[in-house]
Amino acid sequence: MCIRHATTAATHPEVSPVTPPVPPSDRRTLLGRLPLPERNYVAEALRTETVGGVILLVAAVTALIWANSFGSSYASVSRFHFGPEALGLHLSVSHWAADGLLAVFFFVAGVELKRELVAGELRDSRAAALPVAAALCGMAVPAVVYTLTALLGGGSLAGWAVPTATDIAFALAVLAVIGTSLPAALRAFLLTLAVVDDLFAILIIAVFFTENIDFLALGGAFAGLVVFYVLLRTGVRGWYVYLPLALVVWGLMYNSGVHATIAGVAMGLMLRCTRREGEERSPGEHIEHLVRPLSAGVAVPLFALFSAGVTLKGDALAGVFTRPETLGVVLGLVVGKTVGIFGGAWLVTRFTRAELNKDLAWADVFAVATLAGIGFTVSLLIGELAFTGDESMINDVKAAVLIGSLIAAVLSGVLLKLRVRRYRTLYEAEELDADESGVPDVYEQDDPEYHLRMAAIHERKAAEHRRLAERAGAASSKPDSPA
């Protein structure tokens, strides 16, 4: 959705135009201007995630207050069990939140990934090099940092995957709080980073946190996914068909021993995300548009409410920096994420014929890399899976995730604020719609109709100024007019 501005650059002298396109060459531009449909999609997606991020932030704070002020009631609610025991689904509230509600989150992640692969930034392997390399390095380096810290301190290596994920909703909430309007290219970079992060987090959960497998239930889940796929490809419509089937697939996946959120990802990847003639949105984009608010505004905040209730009494906070496992999580998020993402982006420019967008600087990439150190939702989930059965360690690891994410948020907020004027200038130039066509002017420079509309606007203004000049001249010629 485009933001309209009824003023021109003449009335906004502080808005400098975005660098005009240069003649084609064999050098690629990293973090360049997005195509208009992609820009609009990113803007809409991030708008929903920003609102969800604020709700998520409120849920996390509520969980901390509830767990530390009324700990017994928080524990009793979190451990309350309900559900059909005969189906193996008699689960606690916190378990339903982690395995049930997060399946909705991972469904949206699956649709996002499918769309990125067929119509977005990941469609072109050359264009995908930057976000994929940055995301992979941004997951590998935190894992290495954690492992080295744990080894040197004699701690457990089980939590190596905890600091590998980025929480896009929480990151956007930080941006909303500090009031930074990132240019579209940086916003898309952050979103793509999170999508690739989610993909590999899913693989980590599936490969490293699956122990005992019930092959009969797993086969049933795969059969359900095949039915889901066939119904989609034959054009069957109706939520009343797909929702019950999705619940059956989820239940079978849960009982198979594979983390139930994998079912959500698999179904998301099956949706068609390419537009056909006459379609404003593909089916995948349409369903994502409907489900994303449920994921960002309900599912993820409820998961946070029953997962972020960390007990901070006693030496819980101080112990984060003395225990090798928790220190590894903090360093992984704050140092590992920043170094990994920034280093991955730099390596792409170093070893390929690519250059950074001239409107941006490496300081901007570094700031976004620091922001990606906010690893809330998936980090909490992996922390629970990595230390299953050790409630004390789970509590400490969650505290480390919260502290590491808070440090990353503060550091990135400072770094982004240092460039806020530049961001605002670029953002306003990207959004400027002086001819009120509904399309930002930067996308209309090659359209003759745009220049004709602008000429008509300037002619009307010129005629108005001539009329005002004549009136001023007539007034100054009167005998009693001031000298």
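The predicted model holds 13 aromatic pairs, a pair being two rings of Phe, Tyr or Trp (for Trp, its six-membered ring) whose centres lie within 6.5 Å, with planes under 30 degrees apart counted as stacked, over 60 as edge-to-face and the rest as tilted. A pair of aromatic rings is described by the distance of the centres and the angle of the planes. Trp 160 and Phe 208 are edge-to-face, at 5.0 Å centre to centre and 85° between the planes. This pair links distant parts of the chain, 48 residues apart: Trp 160 sits in the loop between α4 (125–153) and α5 (168–178), and Phe 208 in helix α6. Helices here are DSSP runs of H or I with at least four residues, strands are runs of E with at least two, and both are numbered from the N terminus.

Trp 160 is partly exposed because its relative accessibility is 24%; buried means under 20% relative accessible area, exposed over 50%, and partly exposed in between, with a 1.4 Å probe and protein chains only. Leaving aside neighbours within four places in sequence, Phe 208 is in contact with Trp 160 and Leu 203, where contact means heavy atoms within 4.5 Å. From Phe 208 to Pro 448 the C-alpha atoms are 57 Å apart in space, and the two residues are 240 apart in sequence.

Phe 228 belongs to helix α7 (residues 215–233) and Tyr 242 to helix α8 (residues 239–256), so the pair ties together parts 14 residues apart in sequence. Phe 228 is buried, at a relative accessible area of 5%, and Tyr 242 counts as buried at 13%. Elsewhere, ring pairs join Phe 80, Phe 82, Trp 96, Trp 250 and Tyr 254 into a cluster. A ring also meets a charge at Phe 351, where the charged end of Arg 350 sits over the ring, 5.2 Å from its centre; the criterion is NZ of Lys or CZ of Arg within 6 Å of the ring centre and within 35 degrees of the ring normal.

Beyond four places in sequence, the contacts of Leu 31 include Leu 130, Phe 189, Leu 356 and Val 365.

As a whole, the protein has 17 helices and four strands, and 49% of its 483 residues count as buried. The C-alpha trace spans about 95 × 55 × 50 Å along its principal axes. Among contacts between residues at least 6 apart in sequence, 79% join residues at least 24 apart. A search of the whole structure finds zero disulfides, defined as pairs of cysteine sulfur atoms within 2.5 Å.

Residues are numbered from 1 along each chain as its sequence is written, and side-chain values use heavy atoms, without hydrogens and water. In this predicted model, local features need pLDDT of at least 70 and side-chain atom pairs count only at pLDDT 80 or more, while totals for chains, interfaces and linings use all residues.
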